[in-house]
Amino acid sequence: MKFNSPLRYPGGKGKTADFFAELFRCNNLVGGTYVEPYVGGGSVALHLLFEGLVNRIVINDKDRSLYAFWHSVLYNTKELCQLIDETPITVDNWKIQKEIQNSKENVDLLTLGFSTFYLNRTNRSGIIKGGIIGGVNQTGNYGIDARYNKRNLIERIQKIAQYTNQIVLFNLDAVQLVKEQKRILPPNTLFYFDPPYYVKGKGLYMNYYCDNDHCNIRDEIALIDTQKWIVTYDCVPFIAELYKDYRMVQFSLNYSASTVGKGKEYMIFSNNVIIPEHSLLLEE
């Protein structure tokens with residue numbers, strides 16, 4: 001699959017994009033709205049938008065760093081691309097961008113958005129609070145610029161910006177977003193929830209969840225009755241019990257963050273979703 005997102009994201013669901021396209025077709029959702037309360041890298045949202053399967057995407061991230069990046073893509077495109085083009089990819093600049101994240105509530109959105117992008121492309125597995133590719137002394141097998149093709153990444157950002165009038169961006173807690181959006185969005189809407197991993201969330205994400213957070217979003221999801229929804233999670237007993245009243249299947253993803261190999265995840269469906277038959281993605 002072609003890479004649409006400018007971000008590398010732990011737990012990114014790019015592989016599932018074709019499955020979601022198939023799901024939109026068999027549920028008569030084509031031309032509707034797609035909502036992602038934890039947008040992260042946004043691979044699925046962008047795929048559906050670029051393929052013309054949705055008329056609008058609603059993306060959200062509570063973390064100010066990720067919100068700043070997407071805000072910069074949509075509303076400061078030229079300035080963001082200029083920063084990407086003109087900023088040297090060096091360890092010294094990496095340290096500067098790292099420091100910006102330590103005071104992210106006090107910097108403007110463009111500065112923070114670029115910092116988020118820079119660290120995402122130069123850190124191992126794209127983890128913002130992770131370590132630099134190749135190490136501070138650059139003695140690793142790959143250098144800091146191994147995942148930083150400026151021209152290609154600028155082109156991705158410019159393409160997304162062409163769809164700005166079809167993208168709605170929020171910086172809300174996921175529960176609040178769902179409360180607001182489920183009241184105003186039409187029936188031909190799909191909510192896709194990809195919350196922080198239950199087991200490794202604290203090590204991967206800047207905004208990770210405790211048990212109460214996982215329970216709170218489940219409770220709010222359960223109140224969605226007009227639209228359709230899907231949730232994905234790592235396969236653990238806590239999540240299986242939390243969503244035991246819904247259809248749940250497993251699928252495999254290739255992991256690169258801390259563990260190389262395939263990992264199993266749950267995909268959970270609202271009762272009104274038609275699951276595409278013969279999907280290569282899902283496993284009973």
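Helix H2, spanning residues 43-50, is largely enclosed by the rest of the structure, because 7 of its 8 residues are buried. In this predicted model, the buried positions of H2 are Val44, Ala45, Leu46, His47, Leu48, Leu49 and Phe50. Just after the helix, Gly52 adopts a positive phi of about 75°. Leu48 also belongs to the largest nonpolar core, which holds 54 residues and in which Phe20, Tyr34, Leu48 and Trp70 touch the most other members. When neighbours within four places in sequence are left aside, Leu48 is in contact with Phe20, Ala21, Phe24, Tyr34, Leu53 and Val54. Apart from this core lies another, of 24 residues, among them Tyr38, Phe191, Trp229 and Tyr233. As general background, nonpolar side chains in soluble globular proteins tend to be buried together.

For the protein taken as a whole, the secondary structure comes to 11 helices and 8 strands, and buried residues make up 55% of its 284 residues. Of the contacts with a separation of 6 or more, 72% are accounted for by residues 24 or more positions apart.

Two helix pairs illustrate how the helices are arranged. In general, two packed helices are described by the angle between their axes and the distance between the axes. The axes of helix H4 (residues 77-86) and H7 come within 10 Å and cross at roughly 175°, and these two helices are therefore roughly antiparallel to each other. On the side of H4 the contact is made by Thr77, Leu80, Cys81, Ile84 and Asp85, and on the side of H7 by Lys150, Ile154, Ile157, Gln158 and Ala161. By class, the residues in the contact of H4 with H7 divide into 6 nonpolar, 2 polar and 2 charged. Cys81, one of the H4 residues in this contact, has a relative accessibility of 8% and so counts as buried.

The second pair consists of helix H8 (residues 174-184) and helix H10 (residues 211-221), which pack at an angle of about 5° with their axes 9 Å apart; the angle makes H8 roughly parallel to H10. Here Ala174, Val175, Val178, Lys179 and Lys182 in H8 meet Asn216, Ile217 and Glu220 in H10, and the contact has 4 nonpolar, 1 polar and 3 charged residues.

Gln227 lies in the loop between H10 and strand E5 (228-234), and because its relative accessibility is 1%, this residue counts as buried. Its C-alpha atom is separated by 7.1 Å from that of Pro186, although the two residues are 41 residues apart along the chain. Beyond its neighbours within four places in sequence, Gln227 is in contact with Gln181, Lys182, Leu185, Pro186, Pro187, Thr189, Phe191 and Asn272. Among these partners, Lys182 is one of the H8 residues that meet H10, while Phe191 is a member of the core of 24 residues.

Leu119 and Lys98 are 21 residues apart in sequence, yet 7.2 Å apart in space from C-alpha to C-alpha. With neighbours within four places in sequence left aside, the contacts of Leu119 are with Trp94, Gln97, Lys98, Gln101 and Ile128.

At 68% relative accessibility, however, Asn28 counts as exposed.

A disulfide is a covalent bond between the sulfur atoms of two cysteines. In the case of Cys210, the closest cysteine sulfur is that of Cys215, and the distance of 8.6 Å is too far for a bond, given that a disulfide is a pair of cysteine sulfur atoms within 2.5 Å. Cys210 counts as partly exposed, with a relative accessibility of 42%.

Definitions and conventions
Residues are numbered from 1 along each chain as its sequence is written. This is a predicted model: local features need pLDDT of at least 70, side-chain atom pairs count only at pLDDT 80 or more; totals for chains, interfaces and linings use all residues. Side-chain values use heavy atoms; hydrogens and water are left out. Buried means under 20% relative accessible area, exposed over 50%, partly exposed in between (1.4 Å probe, protein chains only). A nonpolar core is a set of buried Ala, Val, Leu, Ile, Met, Phe, Trp, Tyr and Cys residues joined through side-chain atoms within 4.5 Å. Contact means heavy atoms within 4.5 Å. Axes are lines fitted to C-alpha atoms, for helices over the stretch in contact, and angles run from 0 to 180 degrees between N-to-C directions. Helices (H or I, at least four residues) and strands (E, at least two) are DSSP runs, numbered from the N terminus. Angles under 35 degrees count as roughly parallel, over 145 as roughly antiparallel, 65 to 115 as roughly perpendicular and the rest as oblique. Ala, Val, Leu, Ile, Met, Phe, Trp, Tyr, Cys and Pro count as nonpolar, Asp, Glu, Lys and Arg as charged, and the others, Gly among them, as polar.
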